[in-house]
Amino acid sequence: MAASPCGDGGRTLDPGGVMPKLLIIIGSTRPGRIGLPVAGWFSKLAVADGRFDVQLVDLAELALPFLDEPDHPALRNYTTPHALEWSAIVDSADAIVLVTAEYNFGYPAPLKNALDYLYHEWRNKPLGFVSYGGVAAGTRSVQQLQQVTSALQMVTVRTSVHIPFVFDMLDANGELVPNAQMHAAATSMFAELEALNVTLASARAVS
């Protein structure tokens, strides 16, 4: 199973007494990608924050083929086991965070493919971005992703985590060493995702 729960902090419950789920998606599948240590740091911080039950999905492990469903995703008439699995994972999430690299001023193709597989499962869910790169910190990939996720009716929170010169932030073991600004931005994002989820939950219930 490509998706694995990271744990929960037992703090914020929805009206049904269940902690809302935050789905963190690693968008790059390239061997040697920095998305792994970036997402590892962010997911651990999300667990420690305690607002969400955290689930981390690595698209490299999920291994979705390029969109091979015969019907439009809006019909939810999935025919393949991988589409059904992906639909169930995203449908169970209350909030989404996309961890993305920047390739040639854009975002990775596997991430676009994963987004295109579904439609209703994304709607009315709060969305955050964690991007990384060089001087631009992945912000140009996020700009493009905002167009796509807006079409999927996701709602972006105000705060993002943008990591510039990410190669310089890895230690000798390849682990990310965050600075205070990254930690503060992530903490703000968690609070915004939590608040926006409360607002959007009723919209999801009737959609």
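Mentor: Helices (H or I, at least four residues) and strands (E, at least two) are DSSP runs, numbered from the N terminus. On that basis the chain holds six helices and seven strands, and their order from the N terminus is β-β-α-β-α-α-β-α-β-α-β-β-α. This is a predicted model, in which local features need pLDDT of at least 70, side-chain atom pairs count only at pLDDT 80 or more, and totals for chains, interfaces and linings use all residues. Residues are numbered from 1 along each chain as its sequence is written, and side-chain values use heavy atoms, with hydrogens and water left out.

Most residues other than glycine have a negative phi. Ala-63 is not a glycine, yet its phi is positive, at about 55°. Ala-63 lies in the loop between helix 2 (59–62) and helix 3 (81–91). Because its relative accessibility is 49%, Ala-63 counts as partly exposed; buried means under 20% relative accessible area, exposed over 50%, and partly exposed in between (1.4 Å probe, protein chains only).

Phe-165, also a residue other than glycine, has a positive phi near 45°. Phe-165 belongs to the loop between strand 7 (161–163) and helix 6 (180–206). With 46% relative accessibility, Phe-165 is therefore partly exposed.

The C-alpha trace spans about 45 × 40 × 30 Å along its principal axes. Of the contacts (heavy atoms within 4.5 Å) with a separation of 6 or more, 81% come from residues 24 or more positions apart.
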